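Work through the exercises below with the sequence and the model at hand. Try each task before you read its solution.

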Amino acid sequence: MKKLIMFAVSAFICMSASSQEAFKNVSKTKDYNEASQILNSSLSSMSAEEKAKCYNYLVDLSYEKIVKEQAIMTENQLNEQMKKKIAPYDTIGFYNALLNAYKDVQLCDEFDNQPNEKGKVKPVFRKKNAERLYPIRYHLINGGVFYQSSDEALSYQCLATYVESANYSVFDETTKPADENLGQIAFYAARDAYLAQDYVNAEKYADVAMQDESTAKDAMQVKLAIMQAELNSHEDSIAYVNKLKDIYASDESNEMIFSTLCQMLVAVNDIDGMDALVQQKLAQDPNNLTALLLKGQANYEKHNWDDAIADFSKASTVQPDNIAVIALIGNSYMYKAKDMAEIAQNAGSLTSDQEQEIIGIYKEAITWLEKAKDLDVVKEFKSYWAYPLYNCCYVVYGEDDAKTVAAQSNMQ
């Protein structure tokens, strides 16, 4: 038994000596990468206390770099105002050190808050690290902007670290001011994660952004996009529709959820369900633009031209400068005239009165299509009105008329 005890004591002493040696090796170098490699190769033989000391040393190295480059930047701002020479500084090194500091400080705090050999938790580094790192946290936003056009992955890493660090344990004991940027940065991080198809983090950051009223709507769009991106079967789509129904039931004023739900009902071929939802919305709000457009689109696709015209016309009173809606009214009149002419011709009974009525409907189409053209200064919605306008002018005025020629030029 005595030999076993002596062996255990001997092993503990050896482990302690090995841990201390590891810290000495880590702290001998001033190079962050070298110190980090030494630490990583020694972790398995180190106590939590030694790991905390080593990670804190890495934070020290990063913080020295941050302070050095920040001092040059501050001096440059003064020199710029005084029209003095601007000194070069290591921007990439600054942001690398910043990311490393935030990575290592959380690991340091994790090991620093583990029970010691007596079972007590006595953090050594938390207060110091919180006081020196939290005030420079905003530089992570600057890093996101800096890398935005050159390195999307690093830009995202800076923004994601900003969001993650809002809940770092190391900052729990600090007096933190209200973070007015968190919602906005969380949204950008969610968007970037979504574009990188990292849907788990995209949803996590979107949830953070949704807590901010100013970004909640945009964040919900990201969440809906994530859900749609993960649809792989008809069963997935049905489940998504049911989830949307639950979300909409809790907030029927949310136009985005309403629109998405209607689109998904069409996607799963539940046209009756979509119609019922739209009718319910219009019963609650007769001037609801989204519902009017969806109802108009449904009638348009069914070739119910008079109903489509009525729906789109009402929508245009709600939003008079909506070029697409105005053009759709013109298109509806055009197709109504075409259908009337085709029916009469097939029956072999196109009378003069009928022809005049059809021409009058074409002219009404021209009125709306020209209005859309005049509003569409930058030709953003040209596909809605350019060819229909030419087609109507061709029928009403003939190929060589100046109005037809002018309409044809709009298609170029």
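**Exercise 1.** Does H139 count as buried or exposed, and at what relative accessibility?

*Solution.* Keep in mind that this is a predicted model. Start with the location: H139 lies in helix α6, residues 139-146. Next, take the accessibility. H139 has 7% relative accessibility. Buried means under 20%. H139 therefore counts as buried. Last, list the contacts, leaving out residues up to four places away in sequence: H139 touches Q70, F94, Y95 and L98.

**Exercise 2.** Which residues do ring pairs link into a cluster with F94?

*Solution.* Follow the ring pairs. They link F94, Y95, F146 and Y147 into a cluster. Now go back to the previous exercise: F94 and Y95 are also among the residues that H139 touches.

**Exercise 3.** How many aromatic pairs are there? Describe the one formed by Y248 and F258.

*Solution.* The count comes to 19 aromatic pairs. In the pair of Y248 and F258, the ring centres are 5.9 Å apart and the planes make an angle of 35°. Stacked needs under 30 degrees and edge-to-face needs over 60. The pair is therefore tilted.

Then place the partners. Y248 is in helix α11 (residues 234-250), F258 is in helix α12 (residues 255-267), and 10 residues separate them. Check burial. Y248 is buried, at a relative accessible area of 5%. F258 is buried too, at 0%.

One more step concerns the ring of F258. The charged end of K281 sits over that ring, 5.0 Å from its centre.

**Exercise 4.** What kind of aromatic pair do Y300 and F312 form?

*Solution.* The centres are 6.3 Å apart, and the planes are at 65°. Over 60 degrees counts as edge-to-face, so the pair of Y300 and F312 is edge-to-face. Y300 lies in helix α14 (residues 289-301) and F312 in helix α15 (residues 305-318), so the pair ties together parts that are 12 residues apart in sequence. Both are buried: Y300 has a relative accessible area of 16%, and F312 has 1%.

**Exercise 5.** At what angle do helix α16 and helix α18 pack?

*Solution.* Helix α16 spans residues 323-347, and helix α18 spans residues 382-397. They pack at an angle of about 35°, with axes 10 Å apart. The crossing of α16 and α18 is left-handed. Now read off the contacts. On the α16 side they include A324, L328 and K338. On the α18 side they include Y384, W385 and C392.

Conventions
Residues numbered from 1 in each chain as written. Predicted model: local features only at pLDDT ≥ 70, side-chain atom pairs only at ≥ 80, totals over all residues. Heavy atoms only, no water. Phe/Tyr/Trp six-rings, centres within 6.5 Å; stacked < 30°, edge-to-face > 60°. Helix = DSSP H or I, 4+ residues; strand = E, 2+ residues; numbered from the N terminus. Buried < 20%, exposed > 50% of the residue type's maximum accessible area, 1.4 Å probe, protein only. Lys NZ or Arg CZ within 6 Å of the ring centre and 35° of its normal. Axes fitted to C-alpha atoms, helices over the stretch in contact; angles between N-to-C directions. Left-handed = near helix turned anticlockwise from the far one by under 90°. Contact = heavy atoms within 4.5 Å.
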